[in-house]
Amino acid sequence: MSQPTPDRRGSTIKEALAGWGDIARLLRGGDSGALVPVVMPKNSRRNTWTVLLWFGVLALVSGVMMTAAESDAGNAASETAWGALSVVAFTVAAVSLLCGVLWWWRSSIVEIEQGTTGVLTKYGAIAGVLDPGRHYLWHPWSGVDFVVDTSTEIPYSAPVVACPTRENVPLKSIEFFLKFRITDAVMFVRTIGAGNFDLVLSSAVQDAIRQRGRQVRTERAYDLRGSDVADMQQLLNRQLDRYGVRITGCNIPDVQLPAQYQQHLATRETVAKERVAYEQEWGLTRKRRTDNLLMEIERAKKIRDAKIVEVNAALNQARKDVAQMLEQQETEAQRVRFEIETRGRADLVSAENEAKAQQRLATAYRDNRAVLQYELARRRLEVGATLAQNAPKPVVVQTDPAGGEPSALTTLVTAQLLPRLALGAAGDGRPDLDLASGARALAEEMTRPGAEE
């Protein structure tokens, strides 16, 4: 693809109409400084070969008719004439048909350049694409209307004039360079075309550059050169994707400021140089003062080292005095420790003797207490036995062995017998008395003759 012209107008894109022999030159070299990504080849296919085919068919029919006339002729001269004419007709038919087929075969050959894509049409409608190489278009009314460069990254330059910055200062120009590639030939030629794409791409680049210019300050405008423009590339890809075009790379190679602002920058540069000179002079002065201060510091260090030596000597003497004092204190402390240990051992022996005496006394007291508890338990047993012997005895009175209602006689006998039984039990000390036997005895006594009196 041709390089963009180095003028201030930038690159232009257009389509070109040319023969098959000029397609490679236009796609690679452009046309009058313009980029040509699409070439419309001139239609070299003519239907003249159909005339030969029809003439051959006509000659063939004529030959057949002459052969029929020869068979119907009545004399030899007529048969010879019709036979010669039929041979001539068949010969002309064969030559015409052969020439027509060869012409048809030759006109159907289409060769697509490497790196390009041919757009195939049939009756004027897009029917598909043709890859690089030789193809045969046998259909008489099919052809290649467009040859699109789909492999080359086409460079495009679009300068933006009077682009305002954040402070609304118009920059003189901003050069924007990009590379694009046609990814879908059918979509490109059907949707927009090369001429319209030039306007769309230029407008999109102008808009993207002005948006970027609005984001920078005027004093930082030179920072746009070589800056990261990945966001602009993504924005352009989103806008041009519907046309079958993809931006493969872009950058900002140059930024030019207004003349007045360049003067201002020159003044600032002069001031910056003066500031650098002043800083260098101040650096020398500071270095001289620093050297003097370093000399004073070295002198102070020497004085400090001498004082440190004196302090170390006094410190060593103080350490010796402290060591002697510590030895004396340690001796006195050892003597006091020995006295305390001797007194402690004596108190320990005395405490141990007293503990042993207390232990023996506790043992004797424990033994006496056990004897006393035994005597107390024995006396409790004796008192319990005595109380058990003197305790009242229960008397079981069985009024009716069958468990029915007691009679009046039984109740009377029981009332008279109970006092006797109590006296008898107290006299002989029996634990129990059979009430039934007593009742029977009382009943016998009462049933004797004269008992009722």
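The legends below accompany close-up views of a predicted model.

**Figure 1. Overview of the protein chain.** The chain contains nine helices and eleven strands. Of its 453 residues, 26% are buried. Among contacts with a separation of 6 or more, 68% join residues 24 or more positions apart. The accessible surface amounts to about 30,600 Å², and carbon and sulfur atoms account for 57% of that area.

**Figure 2. The largest nonpolar core.** In soluble globular proteins, nonpolar side chains tend to be buried together. The largest nonpolar core of this model has 43 residues. The members that touch the most other members are Phe176, Leu178, Phe180, Phe188, Phe197, Leu201 and Ile209. Helix α5 (residues 193–214) supplies the largest share of this core, namely seven residues. Another core, of 14 residues, lies apart from it; Ile23, Leu120, Leu137 and Val147 are among its members.

**Figure 3. Aromatic rings within the structure.** A pair of aromatic rings is described by the distance of the centres and the angle of the planes. The structure holds two aromatic pairs. One of them joins Phe188 and Phe197, with 5.5 Å from centre to centre and 70° between the planes. This pair is classed as edge-to-face because the angle between planes is over 60 degrees. Phe180, Phe188 and Phe197 together form one aromatic cluster.

Figure 4. Is Phe188 buried or exposed? Phe188 counts as buried because its relative accessibility is 0%, and Phe197 counts as buried for its own value of 0%. When neighbours within four places in sequence are left aside, the residues in contact with Phe188 are Val38, Ile182, Gly193, Ala194, Phe197, Tyr243 and Val245.

**Figure 5. A charge over the ring of Tyr243.** Tyr243, one of the contacts of Phe188, also takes part in an arrangement with Arg242. The charged end of Arg242 sits over the ring of Tyr243, at 5.8 Å from the ring centre.

**Figure 6. The buried face of helix α6.** Helix α6 spans residues 230–240, and its buried residues are Met232, Leu236, Asn237 and Leu240. Seen down the axis of α6, these buried residues fall within an arc of 135°, so they line one face of the helix. An α-helix has 3.6 residues a turn, so residues three or four places apart point the same way. Which elements cover the buried residues of α6? The cover includes β10 (170–182), α5 and β11 (245–256).

Definitions and conventions
Residues are numbered from 1 along each chain as its sequence is written. This is a predicted model: local features need pLDDT of at least 70, side-chain atom pairs count only at pLDDT 80 or more; totals for chains, interfaces and linings use all residues. Side-chain values use heavy atoms; hydrogens and water are left out. Rings of Phe, Tyr and Trp (its six-membered ring) pair if their centres lie within 6.5 Å; planes under 30 degrees apart count as stacked, over 60 as edge-to-face and the rest as tilted. Buried means under 20% relative accessible area, exposed over 50%, partly exposed in between (1.4 Å probe, protein chains only). A charge sits over a ring if NZ of Lys or CZ of Arg is within 6 Å of the ring centre and within 35 degrees of the ring normal. Helices (H or I, at least four residues) and strands (E, at least two) are DSSP runs, numbered from the N terminus. Contact means heavy atoms within 4.5 Å. Accessible areas come from the Shrake-Rupley method with a 1.4 Å probe; for residues, only the protein chains shown count as cover. A nonpolar core is a set of buried Ala, Val, Leu, Ile, Met, Phe, Trp, Tyr and Cys residues joined through side-chain atoms within 4.5 Å. The arc is that of the directions from the helix axis to the C-beta atoms.
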